[in-house]
Structures are given as C-alpha cells and as structure tokens.
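Here is a walk through one protein chain. Keep the sequence beside the 3D view and follow along from one part to the next.

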Amino acid sequence: MFRESEIKHQVINYIANNQSFEDFEDWLVERTRLDYLDNSREIRELIGEINLLIFDFLDNALNEEALKNSLFSLVMNYSFEPAPLTIGNRLVSKVTSSAAQVLRLDPVRI
C-alpha cells in the first residue's frame, strides 16, 4: 500500500537528481502493479495524476524540467492527512462519543 510520505519522498528524490527518471518510473510501475487497488481513492487519484504527467513527458508534451516542476507542485499540494479538529480557536485532540453528543458535533468528513 502506498503512503503519501513514500510518494512525496520518491518524487523529491527524482527532482533532486538522487534517482534517474527510469528508476522513478520503475518504482512507480512496480508499486502500482503490486497494490494499486489496496490504496485509498485519494492515493489512486494522486498516482493517476503522476502517471498522466509521465505520459505527457514520454509523449514529448513536457520537457524534464516541466515534468519535475509539475510533480513538485502536485505532491506539495496534495495532503490526505486528516485536518485537525477545532472548536472555535481550540484544537481538539480527542473527542469521545459522549463529548460529541454534548457538543452536538457532526461527524468529520475526510
């Protein structure tokens, strides 16, 4: 299963020239083949967006600099970590079911 941090790490390694395009593509293809359907909808969408950028690069619609800039922008703007729950200006670290009933909180949609 892909993790958001793993995807960001691999993209940053490629952008920083710590791995070749071929190594980055091989990693993505292998990982996608192994467990694509085991991932959340958001992760599958991110993987799909990355693949579209790679296809554009391979089709010469993007040069490598444009690919790297697009990948960087894409992964830096994606975040699937749950947003912190706040009530007013206070951060709520834990809400029990009884506290939620007292506060009449609706379930948080992620």
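Helix 2 and helix 3 are oblique to each other. The numbers behind that word come from the helix axes. Helix 2 covers residues 21–35 and helix 3 covers residues 41–58. Their axes cross at roughly 140° and come within 12 Å. Angles over 145 degrees would count as roughly antiparallel, so this pair, at roughly 140°, is classed as oblique. The crossing of helix 2 with helix 3 is left-handed.

Now look at the side of helix 2 that meets helix 3. Helix 2 contributes Phe21, Phe24, Glu25, Leu28 and Thr32. Helix 3 answers with Ile47, Ile50, Asn51, Ile54, Phe57 and Leu58. By type, the residues of this contact are eight nonpolar, two polar and one charged.

Keep in mind that this is a predicted model. With that said, step back to the whole chain. The chain has 110 residues. Its secondary structure consists of five helices and two strands. What order do the elements follow from the N terminus on? They run α-α-α-α-β-β-α. Buried residues account for 28% of the chain. The accessible surface is about 7,900 Å², and carbon and sulfur atoms hold 50% of that area. Consider also the contacts with a sequence separation of 6 or more: 63% of them join residues 24 or more positions apart.

Return to helix 2 and turn to its other partner here, helix 1. Helix 1 spans residues 4–15. Are helix 1 and helix 2 roughly parallel or roughly antiparallel? Their axes cross at roughly 160°. Angles over 145 degrees count as roughly antiparallel, and helix 1 and helix 2 are therefore roughly antiparallel to each other. The two axes come within 9 Å. This crossing is left-handed.

Which residues make the contact between helix 1 and helix 2? From helix 1 come Glu6, Ile7, Gln10, Val11 and Tyr14. From helix 2 come Phe21, Phe24, Trp27 and Arg31. These residues divide into six nonpolar, one polar and two charged. Phe21 and Phe24 meet helix 1, and Phe21 and Phe24 also meet helix 3.

Next, the loops. Asn17 sits in the loop between helix 1 and helix 2. Its phi is near 65°, which is positive in a residue other than glycine. Is Asn17 buried or exposed? Over 50% relative accessible area counts as exposed, so Asn17, at 58%, is exposed.

Asn60 lies in the loop between helix 3 and helix 4. Phi of Asn60 is also positive, near 65°, and this residue is again not glycine. Asn60 is exposed, with a relative accessible area of 70%.

End in helix 4, which covers residues 64–77. Ser70 belongs to this helix. Ser70 has a relative accessible area of 26%, so it is partly exposed. Between Ser70 and Leu53 there are two distances to note. In sequence they are 17 residues apart. In space, their C-alpha atoms are 7.5 Å apart.

How values were computed. Residues are numbered from 1 along each chain as its sequence is written. This is a predicted model: local features need pLDDT of at least 70, side-chain atom pairs count only at pLDDT 80 or more; totals for chains, interfaces and linings use all residues. Side-chain values use heavy atoms; hydrogens and water are left out. Axes are lines fitted to C-alpha atoms, for helices over the stretch in contact, and angles run from 0 to 180 degrees between N-to-C directions. Helices (H or I, at least four residues) and strands (E, at least two) are DSSP runs, numbered from the N terminus. Angles under 35 degrees count as roughly parallel, over 145 as roughly antiparallel, 65 to 115 as roughly perpendicular and the rest as oblique. A crossing is left-handed if the near helix is turned anticlockwise from the far one by less than a right angle, and right-handed if clockwise. Contact means heavy atoms within 4.5 Å. Ala, Val, Leu, Ile, Met, Phe, Trp, Tyr, Cys and Pro count as nonpolar, Asp, Glu, Lys and Arg as charged, and the others, Gly among them, as polar. Buried means under 20% relative accessible area, exposed over 50%, partly exposed in between (1.4 Å probe, protein chains only). Accessible areas come from the Shrake-Rupley method with a 1.4 Å probe; for residues, only the protein chains shown count as cover.
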